[in-house]
Amino acid sequence: MKKKKRPSIYFFMHNLKANFDKFFDITKSVFSAKLLADNKLQPYRRTPKLSNCEIIALALSAESIGIDSENYFFEKLKAELRQDFTQLIHRCNFNRRRKRLAPFIRELNEQLASRLNEGENVYLVDSIPVPMCQLAREKRSKICKETFESAPDKGYSAVQKSYYYGYKLHLVTSLKGGLNMDLRTKDTCP
């Protein structure tokens, strides 16, 4: 009788705790000067079950192993790793706090990318159009037109061989793996 192979996501879930521990240590070291008591980056009236550093580490752990569904992620945590995460909060509360911590996650990403890119002189650059609306609605669109510099613009996508109205997302990565992304109008370059 042949043994069935385990699905690859099952294999990754066993590494989740190890990934979480690594991301937690990295987060604490990067924000050591900003940390308040109990690894908090922002003050709270009541002490939360999970600290801000733990929320960031949990979010990065899920992203690092390719889980993009919070629903799926929390079901797996509850089903298979409850003993490792005893103070787990509700998914909605996690999502709310993760959104509030977005500037800290962005800062962490920038600091890690700068550490990875020290002494790097070779970069890979790619871009993709991000349409805001159909071309027929471009004149009526009021999205992001508060300032001239941030307003979307008309551009051409050579891959799709068509015009679009919106922005371009530029991705820059080094050979060592440092990643940076920027959303710009078609006329500006990173």
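The legends below describe close-up views of a predicted model. In this model local features need pLDDT of at least 70 and side-chain atom pairs count only at pLDDT 80 or more, whereas totals for chains, interfaces and linings use all residues. Residues are numbered from 1 along each chain as its sequence is written, and side-chain values use heavy atoms, with hydrogens and water left out.

**View 1. The largest nonpolar core has 29 residues.** Such a core is a set of buried Ala, Val, Leu, Ile, Met, Phe, Trp, Tyr and Cys residues joined through side-chain atoms within 4.5 Å; buried means under 20% relative accessible area, exposed over 50%, and partly exposed in between (1.4 Å probe, protein chains only). The residues with the most contacts inside this core are Phe31, Ile56, Leu58, Phe73, Leu77, Phe85 and Phe94. Two or more residues come from each of helix H1 (8–30), helix H2 (52–64), helix H3 (70–80) and helix H5 (102–116). H2 gives the most, with eight residues. Helices (H or I, at least four residues) and strands (E, at least two) are DSSP runs, numbered from the N terminus.

**View 2. The surroundings of isoleucine 56.** Not counting residues up to four places away in sequence, Ile56 touches Thr27, Phe31, Leu41, Leu101, Phe104, Ile105 and Leu108. Contact here means heavy atoms within 4.5 Å.

**View 3. Lysine 161 in the loop between strand E2 (153–157) and E3.** Although lysine 161 is not a glycine, it has a positive phi of about 50 degrees. Lysine 161 counts as exposed because its relative accessibility is 66%.

**View 4. Leucine 175 in the loop between strand E3 (162–174) and strand E4 (179–184).** With a relative accessibility of 59%, leucine 175 counts as exposed.
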